[in-house]
Number of protein chains: 2
Amino acid sequence: MEKKVTLKELAKVLNVSVATVSKALNDSYDISEETKIRVKKKAKELNYVPNIIAQSLKLKKSFSLGVIIPNITDEFFARAVHGITKEAKENKYKTLISISNEELQSERESVDTFLNSNIDGLLISLASETQMKKQYEHIKKIQDQEIPIVLFDRVTDEINCDKITIDDFKSAYDATYFLLRKGCKNVVFLSTISNTSVCELRKKGYAQALKDSKIKVGATRFLEVTHENLEIELKKFLDHEEVDGILGADEHSAVASLHLVQNLGYKVPGQISVIGFTNGSLTKFTVPSLTAISQHSELMGKNAVQILLSRIQNGYLDKEMQHKIVQTNLIQRKSTRSKS
Amino acid sequence: MEKKVTLKELAKVLNVSVATVSKALNDSYDISEETKIRVKKKAKELNYVPNIIAQSLKLKKSFSLGVIIPNITDEFFARAVHGITKEAKENKYKTLISISNEELQSERESVDTFLNSNIDGLLISLASETQMKKQYEHIKKIQDQEIPIVLFDRVTDEINCDKITIDDFKSAYDATYFLLRKGCKNVVFLSTISNTSVCELRKKGYAQALKDSKIKVGATRFLEVTHENLEIELKKFLDHEEVDGILGADEHSAVASLHLVQNLGYKVPGQISVIGFTNGSLTKFTVPSLTAISQHSELMGKNAVQILLSRIQNGYLDKEMQHKIVQTNLIQRKSTRSKS
């Protein structure tokens, strides 16, 4: 194996400080363009491989961000991470991603990994188990080390940090109201994301819209299922209950129910209308195309990075923590009736 | 901020070596269960936060794997990473993921990040730009440091390392043959993943099947597009060419073309049959449901980790590098004719 030149040796050859070399290689604003070019040229010439760990310990800046998401196979999170990665890169930050698989213990381990990798900041969307058990010590541990955090999409009031979400209550309220306005009277709330903050808020928004209805409508009905038992549970439900509208709390429940009710012989939207969160790539290709609440996942990721970088650059306690709301849109397609 | 106990201080209190404490906290097989319990109890008592960097430098084992994928919004890669993460966790390894966004330079930076984070091994699916430019110095740099690599799905003959793929040539050959057997004569190859090794092999498989056909069929026709211009390009193509079969090299091209040709008034499968790689969640919910080549992405991720861990545990040069092939299946649904 070829011997590597160290940062110190490189600094000596260039007759500048170690900090100058580090900053020049990291494109710091503190260093002139001329010096940057000189340092980079010599680094290349001497085959210098930057030791990011050593750099980090010296400069206390790693120019890397950690991301913890609950589930990589959920397109919403994949798209949010896509937005995060792009925005971080624009700002010359690297992104490392870890997946909790909805488990508290995995989330704790991801936090420990990042805490010891000297990241400059952390973006987290909480695991359902974490939200259900309301155990946040590992998140507080990050704050004890004064490392900035942004919670996105799945957040909690119990942590005082920057947050970014949609208005889950209002989005579900508006979608339910939309169904009622189109003449639906028996709307069921269907979810495969139980035990998450977003699902709880969406349930409340749906219930409030039914309560506020000026015309008489059916009672609130929540059907909380898994990817595996959705089909059997929804079928059982339809055998006994009258349903003319489905609000899917997540893309899978909306798309799968749209598919199932048609297989069972219901006309969509003639007999049953379907609306779903989150307007991913599935939505466009269903028949009929799905009316959806767009959560603008990539934009949420982008904004989350902007908030985090501002906190990193201006200091941990620079200003009060903010909770940014990304506006949603209801995108009307063919799975809901077009006339009121 | 609360002062952290160091590994050294913890070892002193316990009257054992630093290595013993490290190994105990890492659940090493070298350490007895009794010692592990004693060490972990004391670590918790004294509020010890493991410094993974320091541990790594001492033990040369970080129990973490790096993963570089070209695109997180492609469900194939999301599912492969899901399989990777699960299998790594089963084996008490952490997984950190980085995304190249199909760019060579980003892939190089991801490699540098991982090289300096003391990972035990790396799983990489190459960016399209890397494959197009055939520049692999950054991959060779990993090998210079004797860090095991497994290339998965998108691989190259120019790197001697463990690899895992499907048989892309044969899978495309079989899918094309299937269309011909069902009576298609004018099959077009449609792709949004140009410049990747998998696309090149699938093109060859498709072309060979046409060449081998005993009945007279149309010439090979490749339509290589982007997500953005697929609709306009395919429409233009259909205006001038006779097409009764589409082989989609990726899920997006298959699902989008299935949707488009029906919007243009063609009957599927009556007038045009459609087959696509990779059997993701889109496939099941299209109308008609899509006949697909299942690449078993999660299984590929799982097997990739097994190969990597075997290499890590048995040493870098333990045995010859292997190229494992994951078998594909053709899953016949309703987008292709059922009779020959």
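Student: What makes the crossing of helix 11 of chain B and helix 12 of chain B right-handed?
Tutor: A crossing counts as right-handed if the near helix is turned clockwise from the far one by less than a right angle, and as left-handed if anticlockwise. The crossing of helix 11 of chain B and helix 12 of chain B is right-handed. This is a predicted model, in which local features need pLDDT of at least 70, side-chain atom pairs count only at pLDDT 80 or more, and totals for chains, interfaces and linings use all residues. Residues are numbered from 1 along each chain as its sequence is written, chains are lettered from A and ligands numbered from 1 in the order in which they are written, and side-chain values use heavy atoms, leaving out hydrogens and water.

Student: Why are helix 11 of chain B and helix 12 of chain B called oblique to each other?
Tutor: Helix 11 (residues 230-240) and helix 12 (residues 251-263) of chain B pack at about 55°, their axes 10 Å apart. Axes are lines fitted to C-alpha atoms, for helices over the stretch in contact, and angles run from 0 to 180 degrees between N-to-C directions. Under 35 degrees is roughly parallel, over 145 roughly antiparallel, 65 to 115 roughly perpendicular, and the rest oblique. The two helices are therefore oblique.

Student: Which residues of helix 11 of chain B and helix 12 of chain B make the contact?
Tutor: Contact means heavy atoms within 4.5 Å. Among the residues that make it are Leu234(B) and Leu238(B) of helix 11 of chain B, and Ala256(B) and Leu260(B) of helix 12 of chain B.

Student: How do you know whether Thr176(B) is buried or exposed?
Tutor: Buried means under 20% relative accessible area, exposed over 50%, and partly exposed in between (1.4 Å probe, protein chains only). Thr176(B) has 0%, so it is buried. Thr176(B) lies in helix 9 (residues 168-181) of chain B; helices (H or I, at least four residues) and strands (E, at least two) are DSSP runs numbered from the N terminus. Beyond four places in sequence, the contacts of Thr176(B) are Tyr206(B), Ala209(B), Leu210(B) and Leu247(B).

Student: How do you know that strand 10 of chain A and strand 12 of chain A pair?
Tutor: Two strands pair if DSSP finds at least two bridges between them. Strand 10 (residues 291-294) of chain A and strand 12 of chain A have 3, in the antiparallel sense, and Ile293(A) has Leu330(A) of strand 12 of chain A as its bridge partner.

Student: What makes strand 7 and strand 12 of chain A edge strands?
Tutor: The open sheet has 6 strands in the order 7-6-8-9-10-12 (chain A), with mixed pairing. Strand 7 (222-224) and strand 12 (329-331) of chain A each have a single partner strand, so one side of each lacks a neighbour in the sheet. The twist from one strand to the next averages 20°.

Student: Which way do the residues of strand 4 of chain A point?
Tutor: In a regular strand the side chains alternate between the two faces of the sheet. In strand 4 (residues 149-152) of chain A, Ile149(A) and Leu151(A) point one way, Val150(A) and Phe152(A) the other, and all are buried. Strand 4 of chain A pairs in the parallel sense over 3 bridges with strand 3 (residues 121-124) of chain A, and likewise with strand 5 (residues 162-166) of chain A.

Student: What makes the relation of chain B to chain A that of a two-fold axis?
Tutor: The copies are superposed by least squares on the C-alpha atoms of residues with pLDDT of at least 70 in both. A rotation of 180° with 0.0 Å of shift along its axis brings chain B onto chain A (RMSD 0.1 Å). That is the relation of a two-fold axis. The same surface serves both copies, as 100% of the contact residues of chain B recur in chain A.
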